[in-house]
Amino acid sequence: MKPSPSVPSRDFGASPEALTLAAEPIVRAALLEDVGRGGDLTTEAIVEPNRAASARIVARTAGVVAGLNIAMLAFRILDERVGVAILAGDGERVEAAGVVAELEGSARAILTAERTALNLLSRLSGIATATRALVDRVAGTRAKIADTRKTTPGLRVLERYAVACGGGANHRFGLDDGVLIKDNHLALAGSIHAAVAAARARAGHMVKVEIEVDTLEQLHEALQEPIDAVLLDNMSPAMLAEAVRAVDGRVIVEASGRVNESNVLEIARTGVDVISVGGLTHSAPALDLSLEVLALS
């Protein structure tokens with residue numbers, strides 16, 4: 001069984017090898033949470049240790065697949081001999097009733113890892129599906145759809161990967177790889193000038209500085225400072241368009257706040273470069289997937 005290649009967005013920074021290294025402890029922790037101290041009481045009582053099975057994972061609803069190789073780790077951690085054939089690569093669309101993967105091997109491993117694998121796969125595929133919906137909506141504009149730090153604690157690297165599989169871009173991964181001066185920072189710094197000066201003094205020469213603004217007055221003030229990007233927070237489309245004209249290509253323009261499928265195209269048409277959407281990772285519904293055992297031997 002030869003896995004098909006994954007096709008994540010070029011905006012995802014981690015290599016496949018690095019992603020696997022990051023994912024494995026997450027999958028192991030999820031298995032431990034499910035198996036607990038006593039093991040799979042049901043499967044171990046009913047299924048003999050040497051029993052083999054074949055199974056398939058099926059999409060009950062249409063969507064975009066993400067995290068198949070990650071989810072398959074759950075089976076292989078329990079028994080490395082479980083064979084997996086991935087039929088829909090990460091980033092590919094699948095129709096309802098479409099088979100995304102087939103498995104062969106230990107029946108115990110397949111049944112015990114089932115829920116862990118499906119939980120991860122459904123979650124990540126749901127994020128990829130939600131991302132692709134917005135990416136498709138803004139097709140033909142310059143805007144990129146990006147995620148935020150509103151991720152599930154401990155799952156950020158996987159959820160960011162899912163956004164990339166859906167065609168989205170990744171924002172800063174954490175607090176340590178970019179400066180984003182927000183309203184609460186400004187409240188404590190006292191002014192935009194003081195905040196930017198302090199950030200520039202601390203940050204290295206390769207670190208970008210972005211500042212969040214709520215008004216056009218703040219924007220004009222921010223543009224006097226040595227910044228790389230502005231985040232226009234909760235502005236109307238009319239204000240966004242005016243802000244884009246004021247920036248005139250001098251810095252990257254990001255829009256954020258209350259973005260959804262109904263308004264994302266109007267926001268994109270204002271000319272912003274990036275539209276960041278927290279809902280991609282904190283509110284995306286899981287894609288409905290199931291595992292079906294086909295035969296036992």
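Start by selecting helix 1 (residues 16-35) and helix 5 (residues 156-165), whose axes come within 9 Å and cross at roughly 130°. Helices here are DSSP runs of H or I with at least four residues, strands are runs of E with at least two, and both are numbered from the N terminus. The axes are lines fitted to C-alpha atoms, for helices over the stretch in contact, with angles from 0 to 180 degrees between N-to-C directions. Helix 1 is therefore oblique to helix 5; angles under 35 degrees count as roughly parallel, over 145 as roughly antiparallel, 65 to 115 as roughly perpendicular, and the rest as oblique. Show side chains for L19, A22, A23 and I26 on helix 1, and for V157, L158 and Y161 on helix 5, which make the contact (heavy atoms within 4.5 Å).

This is a predicted model in which local features need pLDDT of at least 70 and side-chain atom pairs count only at pLDDT 80 or more, while totals for chains, interfaces and linings use all residues. Residues are numbered from 1 along each chain as its sequence is written, and side-chain values use heavy atoms, with hydrogens and water left out.

Next, select I57, L103, L219 and I275, which touch the most other members of the 88-residue largest nonpolar core. Such a core is a set of buried Ala, Val, Leu, Ile, Met, Phe, Trp, Tyr and Cys residues joined through side-chain atoms within 4.5 Å. Helix 4 (residues 107-137) supplies the largest share of this core, 12 residues. Centre on I275: beyond four places in sequence, its contacts include A143, I145, V259 and I267.

Step to S276, in strand 11 (residues 274-276). S276 has a relative accessible area of 2%, so it is buried (under 20%; exposed is over 50% and partly exposed in between, with a 1.4 Å probe and protein chains only). Its side chain joins that of S256 in a polar contact of 3.1 Å. That term covers N or O atom pairs within 3.5 Å; within protein, one atom must be able to donate a hydrogen and the other to accept it, and residues adjacent in sequence count only if both atoms are side-chain atoms. Among the other residues that S276 touches are D147, H171 and E254.

Finish at N234, in the loop between strand 9 (229-233) and helix 9 (237-247). N234 is partly exposed, at 39% relative accessible area. Outside four places in sequence, N234 touches S256, G257 and R258. A polar contact of 3.3 Å links the side chains of N234 and D233.
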